[in-house]
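The following exercises concern a predicted model. Each task is followed by a solution in steps.

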Amino acid sequence: MANEEPEHIDQPTGAVAPPDGSSVRADGPPGGVPAVRVRGLWKKYGEQVAVAGIDLALPAGRFIGLVGPNGAGKTTTLSMVTGLLRPDAGQVEIGGHDVWHDPVAVKSRIGVLPEGLRLFERLSGRELLAYIGRLRGLPGAEVDKRADQLLEVLDLSGAQNKLVVDYSTGMRKKIGLAAALLHNPEILFLDEPFEGVDPVSAQTIRGVLERYTSSGATVVFSSHVMELVESLCDWVAVMAGGRIRADGPLAEVRGDAPSLQDAFLELVGANGRAAGQNLDWLGGGGAR
């Protein structure tokens, strides 16, 4: 993993050499091409370094959690990996295809549910899926069949003719997930898919994702809720301060810690941090 700030930053048109000249990790998972390979990925906003030269090789066919505190760089990383945001330096390959050299091949293989999802709100849920499916080049009859199935499985059939602008947060997450799954991608990228979602919708989404990965597909999702990640994922990358602090199978990252939460706090340097040590005035029932 790169640890030095790049001397200069150029907008990449494809592969970009690691900014500090160091070698990148080449050890992918055994048995084939990683689902996602990241080399020397950097992103700065002014003087603020959001992602500081990370290297990752994410195995295919796994449920992968990208975890970290707020501001760790998770959303920026996923945005660069999925081609939504250009990195300042680095290279991203998905299924062996470079995200910037071969964007059409990459985007046909992935589904994305970004944070702060923006939808065509004046379409109904069914109209949205019909539009997205045809935009993906699927035959109309196939789009309609898949839309029927997704709307039913995600418990949206009763709201399929309702405008998206009138959907609740949970319904928006579900119709966004349906749109991301419609073309049957090899890899699904989800940024905080359970945030703001009620328990019933969360359980529905969880069931769909577990079914999806059981077929051999890959899910990569970001979260800062360790209990959720520990119950869903079998592979984890821990991020803090724009850097990867640990990555690998869940049991390996957790190590001897009682839980992923404990291991996470240790990795990001938050273990033992005193809570409320300067708040001796708080409590006691009343202002004074």
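**Exercise 1.** Locate Asp155 and determine whether Asp155 is buried or exposed.

*Solution.* Step 1: Asp155 belongs to the loop between helix H4 (140-153) and H5. Step 2: the relative accessible area of Asp155 is 57%. Since the class exposed begins over 50%, Asp155 is exposed. Step 3: the backbone of Asp155 has a positive phi of about 60 degrees, although Asp155 is not a glycine. Most residues other than glycine have a negative phi.

**Exercise 2.** Carry out the analysis of location, accessibility and phi for Asn184.

*Solution.* Step 1: Asn184 is placed in the loop between H5 and strand E7 (187-191). Step 2: with a relative accessible area of 56%, Asn184 is exposed. Step 3: phi of Asn184 is near 55 degrees, which is a positive value in a residue other than glycine.

**Exercise 3.** Describe how helices H5 and H6 are arranged, and state which residues make their contact.

*Solution.* Step 1: two packed helices are described by the angle between their axes and the distance between the axes. Step 2: H5 covers residues 169-181 and H6 residues 199-214; their axes come within 10 Å and cross at roughly 15 degrees. Step 3: angles under 35 degrees count as roughly parallel, and H5 and H6 are therefore roughly parallel to each other. Step 4: the crossing of H5 and H6 is left-handed. Step 5: H5 contributes Gly170, Lys173, Lys174, Leu177 and Leu181 to the contact, while H6 contributes Ser201, Thr204, Ile205, Val208, Leu209 and Tyr212. Step 6: by residue class, the contact of H5 with H6 holds six nonpolar, three polar and two charged residues.

**Exercise 4.** State how many aromatic pairs a search of the whole structure finds, and characterise the pair of Phe63 and Phe221.

*Solution.* Step 1: the search of the whole structure finds three aromatic pairs. Step 2: Phe63 and Phe221 form a pair with 5.7 Å centre to centre and 85 degrees between the planes. An angle over 60 degrees counts as edge-to-face, and the pair of Phe63 and Phe221 is edge-to-face. Step 3: Phe63 lies in strand E3 (residues 63-67) and Phe221 in strand E8 (residues 218-223), so the pair ties together parts that are 158 residues apart in sequence. Step 4: Phe63 counts as buried at 4% relative accessibility, and Phe221 counts as buried at 1%. Step 5: ring pairs link Phe63, Phe194 and Phe221 into a cluster.

Key
Residues numbered from 1 in each chain as written. Predicted model: local features only at pLDDT ≥ 70, side-chain atom pairs only at ≥ 80, totals over all residues. Heavy atoms only, no water. Phe/Tyr/Trp six-rings, centres within 6.5 Å; stacked < 30°, edge-to-face > 60°. Helix = DSSP H or I, 4+ residues; strand = E, 2+ residues; numbered from the N terminus. Buried < 20%, exposed > 50% of the residue type's maximum accessible area, 1.4 Å probe, protein only. Axes fitted to C-alpha atoms, helices over the stretch in contact; angles between N-to-C directions. Parallel < 35°, antiparallel > 145°, perpendicular 65-115°, else oblique. Left-handed = near helix turned anticlockwise from the far one by under 90°. Contact = heavy atoms within 4.5 Å. Nonpolar A, V, L, I, M, F, W, Y, C, P; charged D, E, K, R; others polar.
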